[in-house]
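Follow the stops in order.

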Amino acid sequence: MSIAIYPGSFDPITKGHLNIIARAAKSFDKLIVCVMVNGDKQPMFSLEERVEMIRRVTADMENVEVDHSDALLAEYAKARGARVIIKGLRAMSDFEREFQMAIINHKLNPGLDTMFLTAEHQFMYLSSSVVKEMGHYQVDLSDFLPQEIIPDFLARIQERN
Ligand code: ADP
């Protein structure tokens with residue numbers, strides 16, 4: 001069975017992430033979307049909330065599983081029997097860091113390769129942090145966030161104000 005992992009912080013999941021998930025899921029028997037715990041960041045949504053939101057928006061994708069991990073990605077991939085990591089590339093600015101991580105992950109786990117999917121043009125500018133900034137203004141978010149999670153996002157912005 002071919003298994004790939006799509007790791008990230010997904011704080012929250014955007015339409016750009018969802019587009020990568022839908023495209024990657026077509027190429028593997030199973031795609032594991034894994035929310036990676038990143039100690040440096042103060043997230044907007046808890047780990048459990050992020051996992052639940054991703055489950056909600058991928059509910060109709062049968063071969064997509066959602067998980068979370070605080071392990072090293074190379075170790076997590078080995079434990080899950082995955083040979084491929086999926087990364088989305090938006091602009092050159094993503095490239096250098098992702099190239100470095102791909103080489104390190106391959107060194108840590110030689111059975112693991114990273115495959116890159118380019119962002120579709122309408123999502124090239126989209127990141128969770130840009131959406132968080134826009135949340136403070138009365139902007140229509142439907143081009144940026146999956147419809148199902150917009151109420152969660154707006155409620156969290158309100159709580160924080
Ligand atoms: P961000 O906070 O920048 O959205 P994440 O850590 O949640 O970042 O991103 C996880 C993965 O998704 C990374 O490989 C990132 O490059 C990719 N990604 C994020 N946004 C997009 C997008 N709009 N289009 C394609 N790939 C994306």
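In strand 3, which residue is the bridge partner of isoleucine 32? Select glutamate 65: this is the partner in strand 3.

Before the next stop, some ground rules. This is a predicted model, where local features need pLDDT of at least 70, side-chain atom pairs count only at pLDDT 80 or more, and totals for chains, interfaces and linings use all residues. Residues are numbered from 1 along each chain as its sequence is written, and side-chain values use heavy atoms, without hydrogens and water.

**The sheet.** Strands (E, at least two residues) and helices (H or I, at least four) are DSSP runs, numbered from the N terminus. Two strands pair if DSSP finds at least two bridges between them. Here 5 strands form an open sheet in the order 3-2-1-4-5, with parallel pairing. Select residues 64–69 and 113–118: these are the edge strands, strand 3 and strand 5, and each pairs on one side only.

**Strand 2.** Now select residues 30–36. Strand 2 runs parallel to strand 3, joined by 6 bridges. Find methionine 36, which stands opposite serine 69 in strand 3.

**Strand 1.** Strand 1 also pairs with strand 2, in the parallel sense over 6 bridges. Pick tyrosine 6: valine 33 in strand 2 stands opposite.
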